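Visitor: I have never read a protein structure before. Could you walk me through one, feature by feature?

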Amino acid sequence: FTWYHQDHHNLTGNNEIIKSSSDYPVPLCSVNDVQLRFLIPDDIDQVKALCQDWFPIDYPLSWYEEITSSSRFFALAAVYNFTIIGLIVAETKPYLKLNKEDRGILPESLGRDSEIVYILSLGVHRKYRRNGIGSLLLDSLISHLTTAERYKVKALFLHVLTTNQTAILFYERRRFVLHSFLPYYYNIKGKSKDGFTYVSYINGGHPPWTFYDYLKHWLSAILNTGGLCTWIGNRIRGVFRWICYHTVSRFNFAH
């Protein structure tokens, strides 16, 4: 099973992972002293303690077992002084298996054979925030996805509460763009909350084109061919060649 297809409206995803840390002193923690490694089953207790601090709901034990043992997840931990202080969990999915509200992330022509990555969680222990650890984890995921063997991955996306301005600013600074508004997307402690979908495009991926995009494409094509007159001349020559080819073909067939 996949947690993405569960009742995700009751999950916070990565919404509460980055909170304001102005109330906490920033320790002398250098990113160079932080080690990255994948989660293992022995990490369940540490991961559970972190998630209970970050999220307003309790995940079932089976969720922790999945992310710490299944190769389906990219589950990377940031370790400092032999203790997990941050983690990122993501899952690669075929684009056609996305939920309906996320299908518009890629155009149909690009999405049929493409893959897309959903970020389930990204968080840092509150004592170690504002040290670049969240960026380190996210950059590690992006580096993993932008290799030649993962060319089919065209985007990564996440859901976030509309009220979590700290997380929104974090992702916008890292070139994630707002894709859609999700009214009443979350159900947290019996209350409905709105959400946003944020997307980052990689490996040549792009959102569905609008009329403006098509217009910009044709204008660029005209300018790159030497101007409007040259572009029209090339189109006329193309039509003339097509007419000549089909005329000759019909003549040869008749004989």
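Guide: Here is a short tour, from the whole chain to single residues. Please keep in mind that this is a predicted model.

Visitor: Where do I begin? How many helices and strands does the protein chain have?

Guide: Begin with the list of elements. The protein chain has 7 helices and 7 strands. Read from the N terminus, their order is β-α-α-β-β-α-β-α-β-α-β-β-α-α.

Visitor: And what share of the residues counts as buried?

Guide: Burial is judged from relative accessible area, and under 20% counts as buried. By that cut-off, 42% of the 255 residues in the protein chain are buried. Taking contacts between residues at least 6 apart in sequence, 71% join residues that are at least 24 apart.

Visitor: How do I read two helices that pack together? At what angle do α1 and α2 pack?

Guide: For a helix pair, look at the angle, the distance and the handedness. Helix α1, residues 44–54, packs on helix α2, residues 61–69, at about 120°, and their axes are 10 Å apart. Angles from 65 to 115 degrees count as roughly perpendicular and those over 145 as roughly antiparallel, so α1 is oblique to α2. Their crossing is right-handed.

Visitor: Which residues of α1 and α2 meet?

Guide: From α1 come Ile44, Val47, Lys48 and Cys51, and they meet Leu61, Trp63, Tyr64, Glu65, Ile67 and Thr68 of α2. Sorted by class, this contact has 7 nonpolar, 1 polar and 2 charged residues. Now look at burial within α2: Trp63, Tyr64, Glu66, Ile67 and Thr68 are its buried residues. These buried residues pack against α1, and also against β2, β3 and β4.

Visitor: What about a nonpolar core? How many residues does the largest one have?

Guide: Think of a core as buried nonpolar residues joined through their side chains. The largest here has 30 residues, and Ile88, Ile119, Leu138 and Leu156 have the most contacts inside it. At least two residues each come from β2, β3, β4, α4, β5, α5 and β7. Helix α4 gives the most, with 5 residues. There is also a second, separate core of 28 residues, which includes Leu39, Trp54, Val79 and Ile116.

Visitor: Can we zoom in on one of those core residues? What does isoleucine 88 touch?

Guide: Leaving out residues up to four places away in sequence, isoleucine 88 touches Phe74, Ala75, Leu76, Ile119, Ser121, Leu122, Leu137, Leu138 and Leu141.

Visitor: Is serine 200 buried or exposed?

Guide: Compare its value with the cut-off of under 20%. Serine 200 has a relative accessible area of 8%, so it is buried. This serine lies in strand β7, residues 191–201. Beyond its neighbours within four places in sequence, serine 200 is in contact with Ala155, Leu156, Arg175 and Phe176.

Visitor: Last one: which residues should I look at for backbone angles?

Guide: Phenylalanine 82 has a phi of about 65° and lies in the loop between β2 and β3. Over 50% counts as exposed, so phenylalanine 82, at 82%, is exposed. Lysine 189 also has a positive phi, near 55°, and lies in the loop between β6 and β7. With 68% relative accessibility, lysine 189 counts as exposed.

Note on methods: Residues are numbered from 1 along each chain as its sequence is written. This is a predicted model: local features need pLDDT of at least 70, side-chain atom pairs count only at pLDDT 80 or more; totals for chains, interfaces and linings use all residues. Side-chain values use heavy atoms; hydrogens and water are left out. Helices (H or I, at least four residues) and strands (E, at least two) are DSSP runs, numbered from the N terminus. Buried means under 20% relative accessible area, exposed over 50%, partly exposed in between (1.4 Å probe, protein chains only). Contact means heavy atoms within 4.5 Å. Axes are lines fitted to C-alpha atoms, for helices over the stretch in contact, and angles run from 0 to 180 degrees between N-to-C directions. Angles under 35 degrees count as roughly parallel, over 145 as roughly antiparallel, 65 to 115 as roughly perpendicular and the rest as oblique. A crossing is left-handed if the near helix is turned anticlockwise from the far one by less than a right angle, and right-handed if clockwise. Ala, Val, Leu, Ile, Met, Phe, Trp, Tyr, Cys and Pro count as nonpolar, Asp, Glu, Lys and Arg as charged, and the others, Gly among them, as polar. A nonpolar core is a set of buried Ala, Val, Leu, Ile, Met, Phe, Trp, Tyr and Cys residues joined through side-chain atoms within 4.5 Å.
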